[in-house]
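These are my notebook entries on one protein chain. I record what I looked up, entry by entry.

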Amino acid sequence: MKTVTDGRRVSATKACENPTCIEIGDCCSYLKIPFAIELDKAYPRDFMQRGRIRVLLKREDGSLYNTDIGSKKQLMLRVAELIPKHHGRIKKQEPANTWTATAGPSKSGKGGKKKR
């Protein structure tokens, strides 16, 4: 688990586990904030984690796209709230498996003498 010095942006109590660029992009579109996904980018300290989201919080005239979100920190906290509710994270309840093993353990069918 990363600490603030390792690059953590949101506290562990408010964060979700392993957010993807696609989930963050879906949250930005839900919040009506323009964004761009750059899948070929990586953070140098953690180069195995691929992808970057670029967002535009303000219009050219200085007004906010979403009046509830005025800073990058507010955006990250709001996205951290939304990602656990993302449709890709909510797993549908699968019906219980009704198949049961009625046959006992099968024998191999090989017989005869053992090699010495």
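**Entry 1. Surface and overall make-up**

I began with the accessible surface of the protein chain, which comes to about 10200 Å². Carbon and sulfur atoms hold 54% of this surface. I note here that the model is predicted.

I then looked up burial: of the 116 residues in the protein chain, 16% are buried. For contacts with a separation of 6 or more, I found that 48% join residues 24 or more positions apart.

I listed the secondary structure next. The protein chain has two helices and two strands, and along the sequence the pattern reads α-β-β-α.

**Entry 2. The strand pair**

How do S1 and S2 run, and how many bridges join them? I found the two strands antiparallel, with six bridges between them. S1 covers residues 35–43, and S2 covers residues 46–55. The strands form a hairpin, and two residues lie between them.

I looked up two of the facing positions. Phe-35 stands opposite Val-55 in S2, and Glu-38 stands opposite Arg-52, also in S2.

**Entry 3. The nonpolar patch**

I searched the surface for nonpolar patches and recorded one of about 400 Å². Its members are Ile-22, Phe-35, Ile-37, Leu-39 and Val-55. Which element gives the most to this patch? It is strand S1, with three residues. The facing residues Phe-35 and Val-55 are both members of the patch.

I checked two of the members in more detail. Phe-35 lies in strand S1, and its relative accessible area of 31% makes Phe-35 partly exposed. Ile-37 is also placed in strand S1 and is partly exposed, with a relative accessible area of 33%.

For Ile-37 I also looked up the neighbours. Leaving aside residues up to four places away in sequence, Ile-37 touches Cys-21, Ile-22, Arg-52 and Ile-53. I took one distance as well: from Ile-37 to Ile-24 the C-alpha to C-alpha separation is 9.3 Å, and the two residues are 13 apart in sequence.

**Entry 4. The buried side of H2**

Which residues of helix H2 are buried? In this helix, residues 72–82, I found Leu-75, Val-79, Ala-80 and Leu-82. Around the axis they cover an arc of only 160 degrees, so they lie on the same side of H2. I then asked what covers the buried residues of H2. The cover includes helix H1 (21–30) and strand S2 (46–55).

**Entry 5. Salt bridges**

How many salt bridges are there? I counted three, and I took them one by one.

The first entry is Arg-89 with Glu-23, where the closest N and O atoms are 3.1 Å apart. Arg-89 lies in the segment after H2 and Glu-23 lies in helix H1, so this pair ties together parts that are 66 residues apart in sequence.

The next entry is Arg-52 with Glu-38, where the closest N and O atoms are 2.5 Å apart.

The remaining entry is Glu-81 with Arg-78, where the closest N and O atoms are 3.3 Å apart. Both residues lie in helix H2, three residues apart, which is about one turn of the helix. I set a general point beside this pair: an α-helix has 3.6 residues a turn, so residues three or four places apart point the same way. Glu-81 counts as partly exposed at 46% relative accessibility, and Arg-78 counts as partly exposed at 32%.

How values were computed. Residues are numbered from 1 along each chain as its sequence is written. This is a predicted model: local features need pLDDT of at least 70, side-chain atom pairs count only at pLDDT 80 or more; totals for chains, interfaces and linings use all residues. Side-chain values use heavy atoms; hydrogens and water are left out. Helices (H or I, at least four residues) and strands (E, at least two) are DSSP runs, numbered from the N terminus. Buried means under 20% relative accessible area, exposed over 50%, partly exposed in between (1.4 Å probe, protein chains only). Contact means heavy atoms within 4.5 Å. Accessible areas come from the Shrake-Rupley method with a 1.4 Å probe; for residues, only the protein chains shown count as cover. The arc is that of the directions from the helix axis to the C-beta atoms. Patches are made of residues with over 30% relative accessible area and no salt bridge: like charges are joined within 9 Å, nonpolar side chains (Val, Leu, Ile, Met, Phe, Trp, Tyr) within 5 Å. A salt bridge is a side-chain nitrogen of Lys or Arg within 4 Å of a carboxyl oxygen of Asp or Glu. Two strands pair if DSSP finds at least two bridges between them.
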